[in-house]
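Subject: Structure handover

Hi,

Here is the structure I promised to pass on. Please open it first, then read my notes below.

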Amino acid sequence: MSVRAPFAQAFLVSGLLLGSVPGYVVRAEAQTETPTQVQAPAATLRGTVTIKGPVDLPPNAQVSVVLEDVSLADAPAIPLSKTVFSPVGGQTFGYALGYDPSALKSGHRYALRADIRNGASLLYISKDAVLGLGAVPEQTALVVEAVASPLPSALVGSWAIDRIGSDVVDPSAPAYLSFRADGFLSGTGGCNRLMGRVTASGSALSFGPMAGTRMACIGNRMSQEDAFFAAARTVASWQIDQGMLLLADAQGEIVLTLSPNKNSDAYKNLQNSRSRKSR
């Protein structure tokens, strides 16, 4: 059995449970941004953003909902459309997000995410991925939660996975992790795109549920990715040593060794390698 299953199952189940919202919806006027579009979007996606738990919104808070292409394994998500509006009323807010259906590509994965900010300060964020394959996600009810203590600044950024245990990562199957300040992580184990959560307090660190695409890969890519998931499950602490990020298990054994990711062409190389092996 693949060690990815517990991560992916927990992550995907949590995403499917977003449909439960309070019995009323307060709608707000919103402006939709389409960065690559000049003409008005041809379709509108409607849904809700619900704050989970206690609500504490300052007067100038702004809600944003973004539709993104998250198909690339080691590249930033590509925003397709975004709407920003002021929340009015209680705990649930309606949104309308314009987008261009012709920009969607078969086989690509699209995600909806939401957050609430007060200026540059992030207050609430959606922590579960809502995904669609080749189309906008069917699930449009988004839940945001208060942002916990941010990750230590030393962790934030993109890291190349150099070793899994004592095994050197295959250069033809580069693996990476990117940590955001709010604890969201993305990356690849060398085959599929990964998304999930990471929490850290002091020297303690643990990975939350992770999910990813389900592509079968040639060669040792799959076994390497399985090894990454197995190692991630055991991580209990972190440290920076001479610029390297060392993730250790409860016994203090280093299970993942990472270095700052400066390879901007990694995903291109990964794709080219896949193309060569599939011929």
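A word on terms: a contact means heavy atoms within 4.5 Å. The model is predicted, so local features need pLDDT of at least 70 and side-chain atom pairs count only at pLDDT 80 or more, while totals for chains, interfaces and linings use all residues. Residues are numbered from 1 along each chain as its sequence is written, and side-chain values use heavy atoms, with hydrogens and water left out.

Helices (H or I, at least four residues) and strands (E, at least two) are DSSP runs, numbered from the N terminus. Buried is under 20% relative accessible area, exposed is over 50%, and partly exposed is in between (1.4 Å probe, protein chains only).

The core

A nonpolar core is a set of buried Ala, Val, Leu, Ile, Met, Phe, Trp, Tyr and Cys residues joined through side-chain atoms within 4.5 Å. The largest one has 27 residues. Phe-228 is among those with the most contacts inside it, as are Ile-161, Phe-179 and Leu-256. Which element gives the most to this core? It is α2, with four residues. Phe-228 touches Ile-161, Ile-164, Leu-177, Leu-194, Met-210 and Leu-256, leaving aside residues up to four places away in sequence. A second, separate core has 24 residues, including Ala-43, Val-49, Ala-61 and Leu-97.

Helix α2

This helix covers residues 221-234. The expected span is 1.5 Å times one less than the number of residues. Buried residues in α2 include Arg-221, Glu-225, Phe-228 and Ala-232.

The disulfide

A disulfide is a pair of cysteine sulfur atoms within 2.5 Å. The count comes to one. Cys-191 and Cys-217 form it, with sulfur atoms 1.8 Å apart. The pair links distant parts of the chain, 26 residues apart. Cys-191 sits in the loop between β14 and β15, and Cys-217 in the loop between β16 and α2. The S-S torsion is about 85°, so the disulfide is right-handed. Cys-191 is buried at 1% relative accessible area. Cys-217 is buried too, at 16%.

Two loop residues

Gln-242 lies in the loop between β17 and β18. Its phi is positive, about 55°, although it is not a glycine. Gln-242 is exposed, at 77% relative accessibility. Val-88 is in the loop between β5 and β6, and is partly exposed at 45%.

Best wishes
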